[in-house]
Amino acid sequence: MKSADEVETDGLMGRYFDGLYHSDSGVLRTVFHPELAYVNATGGNHEFMDLEAYMTRIDNREPPAARGEKRSESVDRVTLTGRQMGLVEARMTMMGRDYQDLLTLIHTDAGWKIITKVFAYHEQED
């Protein structure tokens with residue numbers, strides 16, 4: 001049987017994937033901490049953003065759902081360290097790219113939130 005924290009993080013990741021697939025910044029704001037650190041580590045050309053810059057990017061892109069892309073996502077590992085912090089390793093495919101995410105979670109008064117999103121991607125081969 002899953003603990004309450006495990007059930008909550010499952011819901012968090014479901015909203016995370018839904019928000020990305022539908023490019024829904026409203027949903028994504030429910031999973032990210034207001035002080036989110038976003039780091040794109042692809043190809044060693046690091047890109048850093050805060051929550052507002054990232055949500056602007058989300059709001060300005062065509063959702064994978066609108067293009068009819070097939071959903072492909074998985075949570076490979078969740079490690080919770082007590083009720084203070086955790087790490088999620090996740091994968092997804094969208095917009096012609098395969099993504100690998102490392103998400104750091106912290107427990108807040110509002111529940112579990114993603115405070116860092118570090119990821120890399122590679123272009124899919126046709």
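Visitor: What is the volume of the largest pocket?

Guide: A pocket, on a 1 Å grid over the protein atoms alone, is an open set of points where a 1.4 Å probe fits, with protein on both sides within 12 Å along at least five of seven lines, and lining residues have an atom within 4 Å of a point. A volume is the space filled by probe spheres set on the points, which are joined across faces, edges and corners. Here the largest pocket comes to about 190 Å³, and among its 17 lining residues Tyr 38, Arg 61, Met 95, Tyr 99 and Phe 119 are the closest to its centre. Two or more lining residues come from each of helix H1 (4-22), strand S1 (32-40), helix H3 (51-59), strand S4 (85-94), strand S5 (97-108) and strand S6 (111-123); helices (H or I, at least four residues) and strands (E, at least two) are DSSP runs, numbered from the N terminus. This is a predicted model, in which local features need pLDDT of at least 70 and side-chain atom pairs count only at pLDDT 80 or more, while totals for chains, interfaces and linings use all residues. Residues are numbered from 1 along each chain as its sequence is written, and side-chain values use heavy atoms, with hydrogens and water left out.

Visitor: How many residues does the largest nonpolar core have, and which have the most contacts inside it?

Guide: In soluble globular proteins, nonpolar side chains tend to be buried together. A nonpolar core is a set of buried Ala, Val, Leu, Ile, Met, Phe, Trp, Tyr and Cys residues joined through side-chain atoms within 4.5 Å, where buried means under 20% relative accessible area (1.4 Å probe, protein chains only). The largest one holds 25 residues, and Tyr 16, Leu 20, Leu 28, Phe 32, Tyr 54 and Ile 114 have the most contacts inside it. H1 supplies the largest share, five residues.

Visitor: Is Tyr 16 buried or exposed?

Guide: Tyr 16, which lies in helix H1, is buried, with a relative accessible area of 0%. Its contacts (heavy atoms within 4.5 Å), leaving aside neighbours within four places in sequence, include Leu 28, Phe 32, Ile 114 and Asp 101.

Visitor: What joins the side chains of Tyr 16 and Asp 101?

Guide: They are joined by a polar contact of 2.3 Å, that is, a pair of N or O atoms within 3.5 Å, of which one must be able to donate a hydrogen and the other to accept it. Asp 101, found in strand S5, is also buried, at a relative accessible area of 1%.

Conventions:
Buried < 20%, exposed > 50% of the residue type's maximum accessible area, 1.4 Å probe, protein only.
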